[in-house]
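Here are my notes on the model, as numbered points. Please read them with the coordinates open.

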Amino acid sequence: MKVTVVGAGAVGASCAEYIAMKNFAAEVVLVDIKEGFAEGKAMDLMQTASLNGFDTKITGTTGDYSKTAGSKVAVITSGIPRKPGMTREELIGINAGIVKDVTENLVKHSPDVIIIVVSNPMDTMAYLVHKTSGLPKNQIIGMGGALDSARFKYRLAEALECPISDVDGMVIAAHSDTGMLPLMSKATRNGVPVTEFLSDEKRAYVEEETKVGGATLTKLLGTSAWYAPGAAVSVMVQAILCDHKKMIPCSLMLDGEYGESDICLGVPAIIGANGVEKIVEISLTDAEKEKFATAAKAVREVNGDLKF
Ligand SMILES: NC(=O)c1ccc[n+]([C@@H]2O[C@H](COP(=O)([O-])OP(=O)(O)OC[C@H]3O[C@@H](n4cnc5c(N)ncnc54)[C@H](O)[C@@H]3O)[C@@H](O)[C@H]2O)c1
Ligand SMILES: O=C(O)C[C@H](O)C(=O)O
């Protein structure tokens, strides 16, 4: 099956590389606006095929969407990343126009496509794709929770001084520095709640470091991260192409779930061949419910800046 990745920059190329390395897709088409850039990235990646042992065909195009026709999944990573000191929300002015334009081109050539939205501010960009694509809501999935949960597990393992494979945890709500909600009450080490092992101070540290995970990397790198974002997208693409029915927190259009409507926010969902197979409603503590509602209010304000 064909996967399109729009934006052959840091995240787009990383995501294409992970998809190819896992060898589950027939073809990956990279699209970029910069002349020759996607073609160059595709050629470079294809020259790793014999070294890394994959059969996925990777091609690139400068804006020719006819090459993306018939894509099962399209990933939107086109747009600018933040610089140190910026918030993701500050990117809306430039990225909204890019995401809208890209969405229209994708749907024109692949009317049944499932779109994974990565460009920031992601929850608002996912909402924009809903409002402009005409696609059913199960076919639009924002990527944030998969990455934030991976960062949560990294910080939990650090605090517990254990391998990451020992821990499990999930982050829901907004993909923003203040709106993320790491579900500490549900995080476990080998099935045992981490609350049994970690002091209040350590838990607060893990939560805060998880929430500012993207900002921390942006400060260190001078631009935002790409390896973990690329890997997170590849897991979602694989869940769709292989119909894994995997539970992944994703930014989805809510229609009453978690007390919210007409907004995209991170919630656990079953991801399979139809995209979103089901939104999973889990129990939250009163404090978690309040944080979820606060995150929704902030995202709604950012959504208010969109022009359709
Ligand atoms: N949701 C997440 O968890 C997450 C994670 C990492 C990055 N991001 C976001 O993803 C986006 C991309 O980040 P990056 O580090 O890859 O940036 P980048 O600058 O490395 O790559 C972006 C690419 O998009 C291309 N582009 C711009 N306009 C285009 C258009 N109209 N059509 C096609 N291509 C176009 C650029 O030429 C560039 O190559 C940013 O908005 C960033 O904030 C989100
Ligand atoms: O932090 C960013 O701006 C990029 C991305 O959303 C991330 O979390 O890495």
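1. Terms for exposure come before the residues. Buried means under 20% relative accessible area, exposed means over 50%, and partly exposed lies in between (1.4 Å probe, protein chains only). By that rule D112 is exposed, with a relative accessible area of 65%. D112 sits in the loop between α4 and β5; helices (H or I, at least four residues) and strands (E, at least two) are DSSP runs, numbered from the N terminus. The C-alpha atoms of D112 and K57 are separated by 22 Å, and the two residues are 55 apart along the chain.

2. Ground rules. This is a predicted model, in which local features need pLDDT of at least 70, side-chain atom pairs count only at pLDDT 80 or more, and totals for chains, interfaces and linings use all residues. Residues are numbered from 1 along each chain as its sequence is written, chains are lettered from A and ligands numbered from 1 in the order in which they are written, and side-chain values use heavy atoms, with hydrogens and water left out.

3. Helices α4 and α5. Two packed helices are described by the angle between their axes and the distance between the axes. Here the axes of α4 (residues 92-109) and α5 come within 10 Å and cross at roughly 40°. Axes are lines fitted to C-alpha atoms, for helices over the stretch in contact, and angles run from 0 to 180 degrees between N-to-C directions. The two helices α4 and α5 are therefore oblique to each other. The cut-offs: under 35 degrees is roughly parallel, over 145 roughly antiparallel, 65 to 115 roughly perpendicular, and the rest oblique. The crossing of α4 and α5 is right-handed. A crossing is right-handed if the near helix is turned clockwise from the far one by less than a right angle, and left-handed if anticlockwise.

4. Which residues of α4 and α5 meet? From α4 they are I92, N95, A96, V99, K100, T103 and V107. From α5 they are T124, M125, L128, V129, T132 and S133. Contact means heavy atoms within 4.5 Å.

5. Helices α5 and α10. Helix α10 spans residues 286-303, and α5 packs with α10 at an angle of about 55°, their axes 9 Å apart. The pair α5 and α10 is therefore oblique. Its crossing is right-handed. D123, T124 and Y127 of α5 make the contact with V299, V302 and N303 of α10.

6. A glycine in α4. G93 is found in helix α4. G93 is exposed, at 67% relative accessible area. L160 is 67 residues away from G93 along the chain, and their C-alpha atoms are separated by 41 Å.

7. Two buried positions. V28 lies in strand β2 (residues 27-32) and counts as buried at 0% relative accessibility. Residues up to four places away in sequence aside, V28 touches V3, V5, A16, I19, T56, K57, I58 and T59. V28 and T4 are 24 residues apart in sequence, yet 5.6 Å apart in space, C-alpha to C-alpha. S78 lies in the loop between β4 (73-76) and α4 and is buried, with a relative accessible area of 10%. Neighbours within four places aside, S78 is in contact with V6, G7, I98, V99, V102 and S119.

8. Backbone geometry to check. Most residues other than glycine have a negative phi, and most peptide bonds are trans. The peptide bond from N120 to P121 is cis, with omega near -5°. P121 lies in the loop between β5 (114-117) and α5 (122-133). D243 has a positive phi, near 50°. D243 is in the loop between α9 (227-241) and β12 (246-255) and is partly exposed at 33% relative accessible area. Y258 also has a positive phi, of about 55°. Y258 lies in the loop between β12 and β13 (261-272) and is buried at 13%.

9. Rings. The structure holds two aromatic pairs. In one of them, W226 and Y227 are tilted, 5.6 Å centre to centre with 50° between the planes. Rings of Phe, Tyr and Trp (its six-membered ring) pair if their centres lie within 6.5 Å; planes under 30 degrees apart count as stacked, over 60 as edge-to-face and the rest as tilted. W226 is partly exposed at 24% relative accessible area, whereas Y227 is exposed at 55%.
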